[in-house]
Structure formats: structure tokens, C-alpha cells
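Thanks for coming. I'll go through one model this morning, starting with a strand pair and ending with the ligand.

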Amino acid sequence: MNLLLPRHAYVHVPFCRHRCGYCDFTLVAGRDDLIDRYLVALGRELERLPGPLDVDTLYLGGGTPSHLRAVGIERLLAILRTRLVPGAGAEVTVEANPLDVTPALVATLQRAGVTRASLGGQSLDAATLRALDRDHAPDDVRRAAGVLLDAGFTVSLDVMTAAPGQTLAAVEADLDAASGLGVQHVSVYCLTWEKGTAFESQRAKGRLHPVEEPLERAMFEAAIDRLEAAGFEHYEVSNFARPGGRCRHNEAYWDCRPWEAFGPGAARFDGRTRITNHRSTTTWMARVLAGDDCSGDVDAMTDEDAARERLVVGLRRRGGVDRQAFRVASGFDLDALAGPAITTWIGRGLAVDDGARIRLNREGLLVSDALWADVLR
Ligand code: SF4
């Protein structure tokens, strides 16, 4: 397998105002005193690139990058420009909390060539936002989306379903409200109960109750129906886009193209090996600043493992996996690799095969997480 130079980069910004009760991401909340040191460490980690890297997509995720505010974002983007160079027409995304979207932040993003904002709205319903332990109100989401759209950004909105106590009607209203904002992209995630989170400990004590599985499924189906009816294309399990609004950065992940990544917990991929930086922000900073290796996990895949992973991420997309393209990209015959699993899925009414291409149907997408073990080793 030829390893190509990455043309995509991810930067993890691990700061949030507070940690939402369901969140187990790599971040520190209420530790703004670490921001200066983080920026210095980030500049140092970028030095592992041998020189400036031209990128087609650059994604600043977190955490909450917008928590750095206009001044911090300006510094961050200036540091990134020393090594990561978005070309003409590049997609540059910054994740933002609705409360952080101020005129100063918007002006900074415009000046710095940011093209896309991913808004962590989660809901446009006050009760759902409270149930999710979010620190913003529905009007903050409306205002932030409007300001960003008026400023010319492509805007993506995260919407969460299966919040404690949430009803199907509330989800439907949320989806209608989200598409009514005029955003070009919506990502719909079902709440997951992760070990070590405040939500999970409340659940264990019987104080919080997950939504029942049939209702969770109905919510996901409602998302597909409502957003497709509103003109969004359902192009990946969790992602919906108006024409031209797909996230090019995530498409690079799903194509298994190589990408670079910087910051605590950030995972990079060279087409064969995935290296994940140390997840602790303070350990990552200490190691980078001491000139030590800040890598945590190293997942070196065989060509066959990489092909199996390519199949899984490909099947998360509505377009599925083309046999010929898969053979060219991976060097493996799709049917030799996963024929029995595919036959089983088709027999269970979860996948369709038109001879050239295998794809999951709606039923398959709804249970897709349970299917991957049939393919991965
Ligand atoms: S704002 Fe996002 S990243 Fe930060 S704690 Fe909440 S869910 Fe996690």
C-alpha cells in the first residue's frame, strides 16, 4: 500500500466552560489557566511536520474551540498557519458553542479564512437542553446560527436525541426547528451513556433513565424522515446535508484518506497506522514541552485489517461501497473479505447488493453498530 502525504488535519482544543453530564471527551473544564501553555505545546507538536503541509480540509474540534474566544482563536490559527496551509477552496471548520458566537469571534473567523462552523446546539427545546446539562438556551442557538449564516459560513448543527425524558414529539419539533434555521448540515447523535460520566453514575443510582430502545429507534427514523423531507441528503449514518453542504473533512475520514492530527487525544492516520496522542491534556502538554513522544496508543494495522476498516466506514455511508473502487483502494476483493457477512445481512433484509455496490438499507443503518463485529477481526 502506498502511503500518501496527508491533505487533511484535525486539531483538538480541549477546553470547555463546564463538562456536560454525558460527555467523556478529552477535555478540561474550568481550566482556562492552561490555555497559554496549550498553545505553546501545540506550536511545538506542529514542529514534528518536516515543513508546511498543504491541506484541503482543516478541522478544529474539541472540547470547544470557540471557548478560546476571539483573541485565543486568532493566536491558535496563527500558530497553525506556521505548518498547516489551507489551499484555495479549502474547508476550514471550527466547532463553536452558541454562547461563544460574538461579533468579535465571527470577525476573527472570517479574517482567518474559516469557512465552516459546527454549532454544538443539541436542541432547540429548553427542557431538552436542561435534561442534557447544556449551558445555553434555544434562543442562543437561533441567534448563533443566524449570525454565522449571515456572515457567510457554512453552518452545521449538532442535534441530540434520546435525552432523558425526551419524547418523540419533542425530537420531531427539534428537527423541524433545526431545518428551519437554514443551516446546510445537521449531525444527529443519540445520547450514549458512557462509563465515568455524571449521567452514567446517576443512571446507576436510578436517578436518570435512558430512553427505551424502541423509542430511541423511532427518534432516529424521525430524524431521517423529517430531514429528508426538508431537503437534506442523509449521506452517512449520523449526517445530513443540503446540496453542496457535506462535510468534506469527515468524508476524508470515511474514505480512509490519511490525515494529520494534533493536540491531546487527537488521532492521526497514515493509511495503515493510527496513532492517538495521550488523552490527558496535562500529560500531553508536559510530554510535548519536554520534547518527549506524546503518543498514547499506536494501532498498526495489517493491510487486511485496514481493508476491513475501510469496508466498515464505507458502509456507514448511504452510498455504500463500490466493489471495483474498494479493490483498487484496498487491494482486497470485497466478497473474499466479507462475503459470508454480506450474504447474512442481505438475508436479514439489512443490506442490498446491485452487483456493483453493497449498501445498508434503512433497517441496516438502524442496527449498523451491531453489524461491524461480523467484519472486523
Ligand atoms: S460542550 Fe461539548 S465537548 Fe464540552 S463538555 Fe459539553 S459535550 Fe463535551
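Thr-161 has Cys-190 of strand E8 as its bridge partner. This is a predicted model, so to speak of local features we need pLDDT of at least 70, and side-chain atom pairs count only at pLDDT 80 or more, while totals for chains, interfaces and linings use all residues. Residues are numbered from 1 along each chain as its sequence is written.

Strands E7 (residues 154-161) and E8 (residues 185-190) pair in the parallel sense, over 6 bridges; pairing requires that DSSP finds at least two bridges. Strands are DSSP runs of E with at least two residues, helices are runs of H or I with at least four, and both are numbered from the N terminus. With helix H6 (residues 168-180), E7 and E8 form a right-handed β-α-β unit, meaning that the path from first strand over helix to second runs clockwise when the strands point away from the viewer.

On E8 there is also strand E10 (residues 239-241), antiparallel to E8 and joined by 3 bridges. Here Val-186 has Phe-240 of E10 as its bridge partner.

Now the ligand. Which residues surround the ligand? They are Cys-16, Arg-19, Cys-20, Cys-23, Phe-25, Leu-27, Gly-62, Gly-63, Thr-64, Asn-97 and Gly-120, where the C-beta atom, placed from the backbone, has to lie within 6 Å. This shell divides into 5 nonpolar, 5 polar and 1 charged; Ala, Val, Leu, Ile, Met, Phe, Trp, Tyr, Cys and Pro count as nonpolar, Asp, Glu, Lys and Arg as charged, and the others, Gly among them, as polar.
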